[in-house]
Amino acid sequence: MFNIDNNDTITAIATPHGVGAIAIIRISGNLSFKIIDLIFKPIDKLKTLKSRRIYLGYIYSQNTLIDKVLINIFKSPNSYTGEDIIEISCHGSIYIQNKILELIINNGARLATRGEFTFRAFKNGKLDLYQVESLLDLFNSENELDHKLALNNLRGEVSIIIKNIRKKILNLNTILEFGIDFDDEYLNKKNIIVFNKLLVNIINNIKYLINSFKLGLLFKEGIAIAIIGKPNVGKSTLFNFLLKYDRSIVSNQSGTTINYIEENIYIDGIKYRLIDNAGLKKNTLNKLELKGIKKTIENIKKAEIIMYLTNKINTKYLQIQRYYKDLFKKEIIFIINKCDLLKNKIKRQSSPILISAKYGIGINYLLNKIKSLSERFIKKNNKTIITKVRHYEELKKALFKLNKMKENIHIGIEPEILSLLLKEANYSLDKIIGTITNEEILFNIFDSFCIGK
């Protein structure tokens, strides 16, 4: 890993390795302009290169022309890293890329390590550590929702909340330390009421972020949908149709599925974990079937949405729906499958939803129902969602210290004890945004970046 105190000039190819139409080479540091003056000749003769401008010209190695390029200029502090940055857009030949990189290094720069450009952005106050980790999430986003959450966090939505909480804690601690220094009787009944009011506000803000973690985890791992019903009603056929390939074995024989199968699907950019379960039987002595039913019940408990499948017109579907909703506290979609075989046709396509999993009839109604139920998860203010275990754990530590303080505020308590609890809570918040951190955490985060970012 790079030395965190290094201030030398770094360079790297920012585009993926290999041949392409265009490659981008970055230079960041105090020598950036000196280096570009030595190797670049603009087509238009210029006295100085101005910031936030693009120039067309040639890269030379001594008197040998290497390539016709565009260079993009960013002067400190108005750049990604907060340092002087030059970005060279050259043709994507591997020879050209390596030759230009060699020229830059020979004139005073060194090759950057993984994430070093972003580390300098962090070190120079362009990004806090939470935003750095959000940038990684943006690179790794697999769907529209991942992308949206990462962008919101990169913009600093969560960072702003955490910084506001820190500010409130510091203000409260300042009031306490005033009492420590100047007034032995400062923790009187009136002041304790004021402290409690301020403290409850801080605790609620942290709880809000902690509770968002479950939602964030849900988005990352996928909203779980359990397909349940009696044997041979078409659960596996529906599972395969939604996946768009045959994953589960389908048979007319009852009890073909004796264990659950789970796969991911995406609907309008939202990730779902679709779970095909063993059929539910009231009376069976078969040990394998009993084991499968037990697992089905476990999956129902874990799921956010239940799709209850039957192949018969059942006038008691509302009672069945209410039974599962009351028992498991889940959203239920009641589905009548094999509608192409029903003698008594039902015109309506929802409540219950009529489908033919074999022929794809009514599937759009089903997908729309799934999306409408999912909106209740998405509408829980997805601008401020914690998605990483590290942040969640630090928030829990902060909450523990603040709750401990709340429990111990009373007349006669030493203000120094309360002040220490506040400082420990703030320490945990500092570790999230990187105000306080250690080299091990930094290495783990920045080593996940590619060279050139």
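Visitor: Which residues in H4 meet which residues in H14?

Guide: This is a predicted model, in which local features need pLDDT of at least 70 and side-chain atom pairs count only at pLDDT 80 or more, while totals for chains, interfaces and linings use all residues. Residues are numbered from 1 along each chain as its sequence is written, and side-chain values use heavy atoms, with hydrogens and water left out. Leu 129, Val 132, Glu 133 and Leu 136 in H4 meet Ile 441, Leu 442, Ile 445 and Phe 446 in H14; contact means heavy atoms within 4.5 Å. Helices (H or I, at least four residues) and strands (E, at least two) are DSSP runs, numbered from the N terminus. By class, this contact of H4 with H14 has 7 nonpolar, no polar and 1 charged residues. Ala, Val, Leu, Ile, Met, Phe, Trp, Tyr, Cys and Pro count as nonpolar, Asp, Glu, Lys and Arg as charged, and the others, Gly among them, as polar.

Visitor: At what angle do H4 and H14 pack?

Guide: Two packed helices are described by the angle between their axes and the distance between the axes. Helix H4 (residues 129-139) and helix H14 (residues 439-446) pack at about 25 degrees, and their axes are 10 Å apart. Axes are lines fitted to C-alpha atoms, for helices over the stretch in contact, and angles run from 0 to 180 degrees between N-to-C directions. H4 and H14 are therefore roughly parallel to each other (angles under 35 degrees count as roughly parallel, over 145 as roughly antiparallel, 65 to 115 as roughly perpendicular and the rest as oblique).

Visitor: How do H12 and H13 pack?

Guide: Helix H12 (residues 389-408) and helix H13 (residues 415-433) pack at an angle of about 165 degrees, their axes lying 8 Å apart. H12 is therefore roughly antiparallel to H13. Residues making the contact include Leu 395 and Ala 398 of H12 and Leu 422 and Ala 425 of H13. The contact of H12 with H13 comprises 10 nonpolar, 3 polar and 7 charged residues.

Visitor: Which peptide bond is cis, and what is the phi of Arg 52?

Guide: Most residues other than glycine have a negative phi, and most peptide bonds are trans. Here, the bond from Ser 76 to Pro 77 is cis, with omega near 5 degrees. Pro 77 lies in the loop between strand S5 (64-74) and strand S6 (85-92). Arg 52 has a positive phi, near 60 degrees, and is placed in the loop between strand S3 (40-42) and strand S4 (54-61).
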